[in-house]
Amino acid sequence: MSTLTLADDRIMLKHGAGGRAMRRLIAESFLTAFHTEPEEPAGCIGLGAMDDGAAVRIGNRWLVFTTDSHVIQPLFFPGGDIGRLSISGVVNDLAMMGATEVLGLSCSIVVEEGFPRADLTRILASMRQTCDEAKAAVLTGDTKVMGRGEIDGLVINTAGIALTDRVVTDRGLHPGDRIIVTGTIGDHGMAVMACRHGLALDGDVKSDVAPLNGLIAAALAVEPDAVTAMKDPTRGGVASVLHEMAEKGHVGIVVDEQALPVRLPVRGVSELVGIDPLLVANEGKAVMAVRPHAVGAVLAALRGHPLGRDAAVIGVCTDERPGVVILETGFGRRLLVEPDGEPMPRIC
């Protein structure tokens, strides 16, 4: 007799939300479908690594390639829109692997019949502006139109390629490494949620969506090998990223709750709706592991950039309890539980 439940034999929203459920789906379905023998070809970091992108060695450099699809609702939100999100998302995935100079991007857009032409023009202008910020260009693309009700307005897929001398993975952590977050957390998810549900707020809650390649280039320029691992805390938030990095790097991570940078309006919304900012998507932040002797210099480089002025050291890697993330609250310690899925679907 089958023991499958609805959640086992059907794809649910949580399977696209960046937490444990999504990683299980990828491991059980996509990695099986695209398995290669050996696991990855020589000179290649591929799907099996489950990193922010793939990397292929070309001579003495690496070509980094990534792709991302965007289905946010609403399409326009405080601080950004789906167009800015689609460019920033792929540029940031390249940057998380150390590839900060973008060679080119692709853009495929699926539009619902009846979609307002003015909104499409506005979104494309936002994409162009974000490309200018990232010093990147869309070089190729595709357009499809679906019937009314077949999709929800607009879906954008972007892909990008870039070269780097050194790939930074999300698994290179060592005991003693410090964990840095490049700015305040929870801004994007809370801004989208407040807009989606029409919440009247006293504070200014805006998305942090932005291309990070300039900021990451500044951090990587401090010292060779100072940054040992990186990942952007999008779906699933900082909590999910820390769990994934700890598990892959075979380290424990202790997080100082008092050191977490959270803007007061975001904290207020968080308390109002009962969602921890650690679980909320960010679209303009990075989490990085840094060698202890280089922390001061990397932090200074980040804070010297407009997108990194609120960068903070939030934790440390240990050799105790590999794969486990502990939250130091100031009143004791507790396990930081990884979400099964993000509490707000269709957030990026």
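**View 1. Ala54 is partly exposed, with a relative accessible area of 23%.** On this scale, buried is under 20% relative accessible area, exposed is over 50% and partly exposed is in between, using a 1.4 Å probe and protein chains only. The model shown here is predicted: local features need pLDDT of at least 70 and side-chain atom pairs count only at pLDDT 80 or more, while totals for chains, interfaces and linings use all residues. Residues are numbered from 1 along each chain as its sequence is written, and side-chain values use heavy atoms, with hydrogens and water left out. You'll find Ala54 in strand 2, residues 54-58; strands (E, at least two residues) and helices (H or I, at least four) are DSSP runs numbered from the N terminus. Leaving aside neighbours within four places in sequence, Ala54 touches Ile45, Gly46, Leu63, Val64, Phe65 and Met97, where contact means heavy atoms within 4.5 Å. Ile161 sits 107 residues away from Ala54 along the chain, yet their C-alpha atoms are separated by 9.6 Å.

**View 2. Helix 8 covers residues 264-273 and has Val266, Val269 and Ser270 as its buried residues.** Look down the helix axis and these buried residues fall within an arc of 105°, so they line one face of helix 8. That arc is taken from the directions from the helix axis to the C-beta atoms. The buried residues pack against helix 5 (187-197). Over on the other side of helix 8, Leu264, Glu271 and Leu272 are exposed. After helix 8 comes Gly274, with a positive phi near 75°.

**View 3. Here are cysteines in a structure with zero disulfides.** Cys107 is in no disulfide, and the nearest cysteine sulfur, in Cys131, is 8.6 Å away; a disulfide is a pair of cysteine sulfur atoms within 2.5 Å. Cys107 counts as buried, at 11% relative accessibility. Cys348 is buried too, at 12% relative accessible area. Its closest cysteine sulfur is in Cys195, 16 Å off and too far for a bond.

**View 4. The second largest pocket holds about 410 Å³ of space.** A pocket is an open set of points on a 1 Å grid over the protein atoms alone, where a 1.4 Å probe fits, with protein on both sides within 12 Å along at least five of seven lines; lining residues have an atom within 4 Å of a point. This pocket is lined by 19 residues, and Asp187, Ser207, Asp208, Lys285 and Arg309 lie nearest its centre. The lining divides into four nonpolar, six polar and nine charged residues.

How values were computed
Grid points are joined across faces, edges and corners, and a volume is the space filled by probe spheres set on the points. Ala, Val, Leu, Ile, Met, Phe, Trp, Tyr, Cys and Pro count as nonpolar, Asp, Glu, Lys and Arg as charged, and the others, Gly among them, as polar.
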